[in-house]
Amino acid sequence: MSNDQFREFLREVLPSMGYSWRRFERRNIRRRVRSRMESLQIHEMARYARLVIADAGERAVLDSLLRLTITRFFRNSWLWSELAELISEAAVRLESGETLNIWSAGCAGGEEPFSLAMLMDDLARSGLLKRSWTILATDTDRASLERAHTGTYRWGSVREVPRHLLHRWFSEDDGVWSLSGEVRDLVTFREHDILTMEPPGRFHLVFLRNSVLTYNVEEVQRRALESVRSCLITPGYLIIGRTEKMPEGVGFEEVEKCIYRKRE
Ligand SMILES: C[S@@+](CC[C@H](N)C(=O)[O-])C[C@H]1O[C@@H](n2cnc3c(N)ncnc32)[C@H](O)[C@@H]1O
């Protein structure tokens with residue numbers, strides 16, 4: 001398949017699946033689609049496009065091929081000191097006995113929620129977080145959830161972990177970095193689709209980074225944001241990715257770069 005044929009395929013098929021097609025002009029996605037076509041013994045892109053359009057089962061297969069799960073611990077390192085402040089302040093505002101609940105939606109292999117767990121534990125140790133807290137991490141991708149369960153990572157994933165946390169919580173063996181069970185126990189993982197399922201609880205803070213707001217069309221983004229907004233306890237906060245843009249009129253106001261507060 002040529003570049004042009006692949007681009008034409010993406011442009012024809014992906015918007016109807018709710019995706020922003022340009023985000024998928026990538027070699028790894030092209031490789032996955034080509035291998036799927038080979039397994040079906042389909043040699044023309046146009047024929048595969050017709051199959052996807054006509055067959056819901058094949059659309060589901062293609063949907064799974066479009067999952068991009070690359071991430072790392074403490075992604076956008078500058079953000080985490082802002083988050084530390086936000087979390088300590090949010091905890092202070094809780095009623096006595098109330099728990100601070102956080103949701104990492106689209107958590108991939110656990111890098112984001114585990115970063116958060118290490119940050120929260122650090123805050124608690126330094127007396128800046130005196131409330132109990134929970135972290136729920138969800139994703140649609142089972143392979144990623146299994147990766148999170150093993151808690152093992154390569155250097156590329158852990159290279160931005162602050163050194164005192166890296167030494168406290170990871171052990172390294174032959175290039176594999178294993179996260180301590182003590183941190184893994186601080187996060188609950190669950191399979192969940194942000195776009196088709198009810199939010200899995202009520203939260204003070206939701207992370208929706210580098211998933212729907214990057215890969216889906218605006219109409220789908222708005223639906224996801226409405227759902228997130230409905231599960232945020234006022235004043236609740238939403239964290240989005242560095243390159244992501246909040247659509248107009250969805251009921252959030254910017255507090256800092258990447259950090260939004262739910263409007264009353
Ligand atoms: C690139 S990773 C981002 C991980 C992390 N949030 C970050 O910012 O580094 C995107 C993740 O979102 C997940 N995802 C995409 N669409 C989703 C949906 N509708 N529901 C739940 N998870 C989704 C993907 O499976 C993938 O693991």
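This is a predicted model: local features need pLDDT of at least 70, side-chain atom pairs count only at pLDDT 80 or more; totals for chains, interfaces and linings use all residues.
Strand β10 covers residues 259-262, and its side chains alternate. Y260 and K262 point to one face and are buried.

Which strands pair with β10? Strand β8, residues 232-240, runs antiparallel to β10, and three bridges join the two. Here I239 stands opposite I259. Strand β9, residues 252-256, also pairs with β10 in the antiparallel sense, over four bridges. On that side R261 is the bridge partner of E253. In general, strands of a sheet pair through backbone hydrogen bonds, either parallel or antiparallel.

β9 and β10 form a hairpin with two residues between the strands. In this hairpin C258 takes a positive phi near 75°.

L238 belongs to the largest nonpolar core, which has 63 residues. Within that core, I102, A117, V206, L208 and L238 touch the most other members. Domain 1 and domain 2 both give residues to this core, so it lies between them. In soluble globular proteins, nonpolar side chains tend to be buried together.

Step back to the whole chain. The domain assignment gives domain 1 as 3-65 and domain 2 as 77-262. Their C-alpha centres lie 31 Å apart. Five residues from domain 1 and five residues from domain 2 take part in the contact. On the domain 1 side, two of these are nonpolar, two are polar and one is charged.

Next comes the ligand. What surrounds it? There are 22 residues around the ligand. T71, G106, A108, R209 and S211 come nearest. By class, the shell divides into seven nonpolar, eight polar and seven charged residues.

One further sheet deserves a look. This open sheet has three strands in the order β3-β5-β4, with antiparallel pairing. β3 (152-153) and β4 (170-173) stand at the edges, each with a single partner strand, so one side of each is left without a neighbour in the sheet. Four bridges join β4 to strand β5, residues 176-179. Across this pair, F170 stands opposite L179 in β5.

Technical notes
Residues are numbered from 1 along each chain as its sequence is written. A residue is buried if 20 or more other C-beta atoms lie within 10 Å of its own, exposed if 12 or fewer, and partly exposed in between; C-beta atoms are placed from the backbone. Two strands pair if DSSP finds at least two bridges between them. Domain bounds come from an automatic or database domain assignment. Two residues are in contact if their C-beta atoms, placed from the backbone, lie within 7 Å. Ala, Val, Leu, Ile, Met, Phe, Trp, Tyr, Cys and Pro count as nonpolar, Asp, Glu, Lys and Arg as charged, and the others, Gly among them, as polar. A nonpolar core is a set of buried Ala, Val, Leu, Ile, Met, Phe, Trp, Tyr and Cys residues joined through C-beta atoms within 7 Å. A residue is near a molecule or strand if its C-beta atom, placed from the backbone, lies within 6 Å of it.
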